[in-house]
Amino acid sequence: MPATGRAGPGVRAVIAPNTPVWDDEPAWVPLAPLPGDASCDVCVIGLGGSGLMAVHALRAQAVDVMGIDAADVGAGAAGRNGGLLLAGLADFHHDAVQALGHDVAASLYRRTLAELDGLFAEFPDCTRRTGSLRIAASDAERADCHAQLAQLQADGFPAEWYSGVEGEGLLIPSDGVMQPLRRVRALARAALGAGARLHGGTPVHEVSGTRVVTAHGTICCRRVIVAVDGRLEALLPELAPRVRTARLQMLATAPSPERRIPRPIYWRDGFEYWQQLPDGSIALGGFRDTEIDQEWTHDATPTAAIQQRLEEFLRTTIGSRAPVTHRWASSVAYTPTGAPIAEEVRDGVFVIGAYSGTGNVVGALCARDAASWALR
Ligand SMILES: Cc1cc2nc3c(=O)[nH]c(=O)nc-3n(C[C@H](O)[C@H](O)[C@H](O)COP(=O)(O)OP(=O)(O)OC[C@H]3O[C@@H](n4cnc5c(N)ncnc54)[C@H](O)[C@@H]3O)c2cc1C
């Protein structure tokens with residue numbers, strides 16, 4: 001589906017279909033494919049935020065690490081998402097407490113807070129600690145916001161009630177936003193600079209703990225980390241009973257000076273989410289649940305039905321008149337519990353993924369764990 005923006009003063013030109021608003025660095029050179037057979041100590045499959053964080057953690061221990069990707073750095077969800085940096089798991093904290101038990105949920109929440117501190121400190125050029133708003137779209141959701149607030153405050157986590165022009169709900173001051181593609185490319189540059197070998201255009205067909213068979217050669221190694229979110233069950237079919245891939249869609253506008261949105265907003269239980277970029281443009285995603293049968297798919301192409309809903313929401317609820325310049329989609333994996341996959345799935349194959357739509361922070365945390373497991 002084409003974008004509908006038109007070039008004009010202060011308005012971006014119409015861009016290529018299915019390109020995220022984040023892809024604003026013409027000088028980026030895609031990684032070269034694996035040239036043939038190779039060997040390393042640890043092979044990381046998937047060069048999104050999670051895989052690159054694992055590479056980074058392993059290089060920090062001077063491990064001989066190779067990272068490979070079917071496409072390129074940030075070609076998956078990590079370079080195509082909403083850019084919200086949120087503490088906690090996909091489930092709101094009070095729901096996570098119900099599902100996982102208090103101590104596990106609170107400990108994970110605490111760890112994501114620490115991960116956020118690290119992200120803001122390490123990537124000041126592409127992150128902003130703005131806080132985030134969860135705005136209630138109904139009375140029932142307002143009650144749920146109160147329940148979330150009570151649990152967060154009981155556990156001593158930063159959160160306050162919010163009432164303002166956007167509506168009513170929660171303000172989480174520790175959260176923020178990022179330019180996601182810039183962050184993964186920064187991670188990749190740092191990994192290359194630290195001596196990691198990274199290859200794009202190299203799909204993996206078979207994985208064991210000591211052998212990774214790709215389209216261009218076989219990598220012999222001691223351990224493997226699979227850091228794939230969307231389509232994880234295609235690479236490791238034994239996860240299919242626990243993991244399901246969905247398409248998430250977004251659009252972005254030209255600068256929208258009639259709106260000022262200082263913090264990212266999570267709306268209708270997080271089904272819709274948006275942030276305003278420093279140049280005034282708006283990136284908005286959501287409505288997966290309105291076409292749920294179609295959106296459980298491995299296809300990552302935007303559809304007219306969801307894009308229409310997004311645009312209507314942009315005009316009515318958000319109140320932006322700016323032309324739409326970008327429309328895109330990407331794949332993520334969900335689990336029935338909302339808890340990610342982070343475990344040894346085959347001997348020597350450590351898998352992290354299936355963040356149920358909220359993996360920017362949790363993915364980095366799982367990556368550190370996977371790197372330490374691979375070194376045992
Ligand atoms: C539209 C959208 C909006 C989102 N918004 C947010 C948000 O605001 N906040 C948030 O926290 N999360 C958000 N998410 C979720 C978040 O983007 C993901 O959970 C996270 O980026 C996953 O990162 P990753 O590195 O684990 O996986 P990915 O970024 O998906 O990277 C996996 C990589 O593995 C590669 N790969 C896959 N299969 C193979 C194979 N067989 N061989 C070799 N390589 C392979 C892919 O090419 C890809 O580059 C959103 C996701 C989408 C799609």
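Buried means under 20% relative accessible area, exposed over 50%, and partly exposed in between, with a 1.4 Å probe and protein chains only. By that cut-off, 57% of the 376 residues of the chain are buried.

This is a predicted model: local features need pLDDT of at least 70, side-chain atom pairs count only at pLDDT 80 or more, and totals for chains, interfaces and linings use all residues. Residues are numbered from 1 along each chain as its sequence is written, and side-chain values use heavy atoms, leaving out hydrogens and water.

**Figure 1. The whole chain.** The secondary structure comes to nine helices and 21 strands. Helices (H or I, at least four residues) and strands (E, at least two) are DSSP runs, numbered from the N terminus. The radius of gyration is 20 Å, close to the 21 Å that the globule rule gives for 376 residues, so the chain is as compact as a globular protein of that length. That radius is taken over C-alpha atoms, and the rule is 2.2 Å times the number of residues to the power 0.38. The C-alpha trace spans about 55 × 50 × 40 Å along its principal axes. Contact means heavy atoms within 4.5 Å. Among contacts between residues at least 6 apart in sequence, 72% join residues at least 24 apart. The accessible surface is about 14800 Å², and carbon and sulfur atoms own 53% of it. These areas come from the Shrake-Rupley method with a 1.4 Å probe; for residues, only the protein chains shown count as cover.

**Figure 2. Strand E3, covered on both faces.** E3 takes in residues 65–68. Val65 and Gly67 lie on one side, Met66 and Ile68 on the other, and all are buried.

**Figure 3. The parallel partners of E3.** Two strands pair if DSSP finds at least two bridges between them. Strand E2 (residues 42–45) runs parallel to E3, joined by four bridges. Ile45 has Ile68 as its bridge partner in E3. From E2 the chain passes through helix H1 (residues 49–60) to E3, a right-handed β-α-β crossover. Right-handed means that, with the strands pointing away from the viewer, the path from the first strand over the helix to the second runs clockwise. Strand E10 (residues 197–199) is also parallel to E3, with three bridges. Here Met66 stands opposite Arg197 of E10.

**Figure 4. An open antiparallel sheet.** Three strands line up in the order E4-E9-E5, with antiparallel pairing. E4 (84–85) and E5 (127–128) are the edge strands, each pairing on one side only. Two bridges link E4 to strand E9 (residues 176–178). The bridge partner of Leu85 in E9 is Gly176.
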